[in-house]
Amino acid sequence: QLTVLCTCAVAKRLCGAAGEAAVLCMYVLTVPFFFMGAVFYTDVLSMLFPILTYYLYLKAKESEKKRFIWWIAMAAAAAVGMLIKMTAAIALIAIVIQEIFSGSRKRVFEMAGISAVVVVCIFAAFHALIYPSLIDPERAEERGMPYSHWIVMGLHGNGAYNGEDYARAQALPNKTERSRANAELIPQRIRENGVGGMLELFVRKSVRCFGNGTYALSDFLDDRPQQRGTLHEFVLYDGKDYALYSHFCQGVHTALMLLAVISGAFAAVYARRRDEPFVPQLSVFGLFLFLLMTSARYIQNYMPLLFLSALSGLKSIHSLQVRRRNKLQKV
């Protein structure tokens with residue numbers, strides 16, 4: 001609910017009440033969103049923080065005198081999101097890039113410096129004070145998986161989770177040995193794929209990440225439900241009405257992606273306009289690039305920024321229609 005609230009607040013600032021209503025419609029039409037509470041993974045848990053980071057950034061722009069306070073809050077939101085899911089950092093990077101195009105050099109350095117200090121302090125405090133109480137350091141070294149593990153898994157097949165890779169990594173004695181093995185495997189798999197193979201792999205991974213309108217939630221929803229009812233016939237792969245559910249979700253998702261692409265094209269053309277925000281489009285594009293390089297995962301935590309990108313696409317189409325009507329009236 002906080003995610004929806006933040007998305008609506010941002011939409012209202014960007015496009016007025018009509019934008020707020022449009023975003024609410026997107027949430028309603030995106031049926032899988034209502035099932036994410038039953039698949040409460042880190043992708044869902046971190047969903048609030050990229051959009052909250054963007055909302056706090058807009059508050060900083062509105063409150064020039066208190067912008068340092070809002071910048072600190074913005075960086076803190078991004079840092080907490082990064083502790084849950086590292087992709088939350090993409091929104092903060094997109095905001096800095098936006099400032100490079102639209103703000104003064106001094107302002108960019110101030111915001112980037114404050115953000116870096118806040119993120120480092122929160123990470124240091126978490127790992128020094130909280131993390132040791134959550135898990136024993138020796139056990140973490142024994143059982144922990146390095147970040148490079150997800151890159152290794154993403155370099156073959158369709159880039160998805162691979163049980164054989166996971167078993168191979170777990171067979172090694174500790175996290176340090178896994179990191180060392182991954183450092184050897186990554187260039188080896190890149191060489192085996194070759195240039196053509198890597199391009200084909202990127203296509204498969206991008207389709208898996210961004211081409212599924214159900215967001216693959218049914219992978220989890222069909223995990224031995226205790227009772228099976230009418231709703232299961234829609235959301236489970238073997239349900240008799242799953243095709244109807246899947247096609248509807250895919251249609252909505254395709255429409256949102258198309259609008260996001262339109263908004264991205266307009267953002268690229270008008271990127272140097274000081275009043276033209278492109279953080280949502282840049283964030284979605286950054287997530288796309290990130291997922292090409294790592295294990296193919298889902299995009300739930302950037303759904304709010306995808307919706308805002310689609311909203312920007314609607315706004316761009318409306319602007320074209322208004323310009324065309326004005327030209328016809330002049331003629």
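Start with the second largest cavity. Its lining is Phe210, Val284, Leu287, Ile299, Tyr302, Met303 and Leu306. A cavity here is a set of points, on a 1 Å grid over the protein atoms alone, where a 1.4 Å probe fits but cannot get out; lining residues have an atom within 4 Å of a point. Helices α14 and α15 are the elements that give two or more residues to this lining. Helices are DSSP runs (H or I, at least four residues), numbered from the N terminus. By class, the lining splits into 7 nonpolar, no polar and no charged. Nonpolar means Ala, Val, Leu, Ile, Met, Phe, Trp, Tyr, Cys and Pro; charged means Asp, Glu, Lys and Arg; the others, Gly among them, are polar. The volume of this second cavity is about 40 Å³. Volume is the space filled by probe spheres set on the points, with grid points joined across faces, edges and corners.

A word on the model. It is predicted, so local features need pLDDT of at least 70 and side-chain atom pairs count only at pLDDT 80 or more, while totals for chains, interfaces and linings use all residues. Numbering runs from 1 along each chain as its sequence is written, and side-chain values use heavy atoms, with hydrogens and water left out.

How many cavities of 30 Å³ or more are there? The count is 2. Helix α15 has the largest share, 4 residues. This lining holds 7 nonpolar, 2 polar and 2 charged residues.

Now the open space. A pocket is an open set with protein on both sides within 12 Å along at least five of seven lines. The largest pocket has a volume of about 1200 Å³. It has 32 lining residues, and Leu83, Ile84, Met145, Tyr147 and Trp150 are the closest to its centre. At least two lining residues come from each of α2 (42-45), α4 (67-84), α6 (105-134), α7 (137-143) and α14. The lining counts 18 nonpolar, 7 polar and 7 charged residues.

Next, packing. A nonpolar core is a set of buried Ala, Val, Leu, Ile, Met, Phe, Trp, Tyr and Cys residues joined through side-chain atoms within 4.5 Å. Buried is under 20% relative accessible area, exposed is over 50%, and partly exposed is in between (1.4 Å probe, protein chains only). The largest core has 72 residues, and Met36, Tyr54, Met74, Leu305 and Leu308 have the most contacts inside it. Helix α3 (residues 48-62) gives the most, 10 residues. Take Leu305. Beyond neighbours within four places in sequence, Leu305 is in contact (heavy atoms within 4.5 Å) with Pro50, Ile51, Tyr54, Ala91, Pro280, Ser283 and Val284.

Last, the rings. Rings of Phe, Tyr and Trp (its six-membered ring) pair if their centres lie within 6.5 Å; planes under 30 degrees apart are stacked, over 60 edge-to-face, the rest tilted. That gives 12 aromatic pairs. One is Phe285 with Phe288, stacked, at 6.3 Å centre to centre and 25° between the planes. Both sit in helix α14 (residues 279-293), 3 residues apart, so about one helical turn separates them. Phe285 is partly exposed at 46% relative accessible area. Phe288 is partly exposed too, at 27%. Elsewhere, Tyr27, Phe33, Phe34 and Phe307 form one aromatic cluster.
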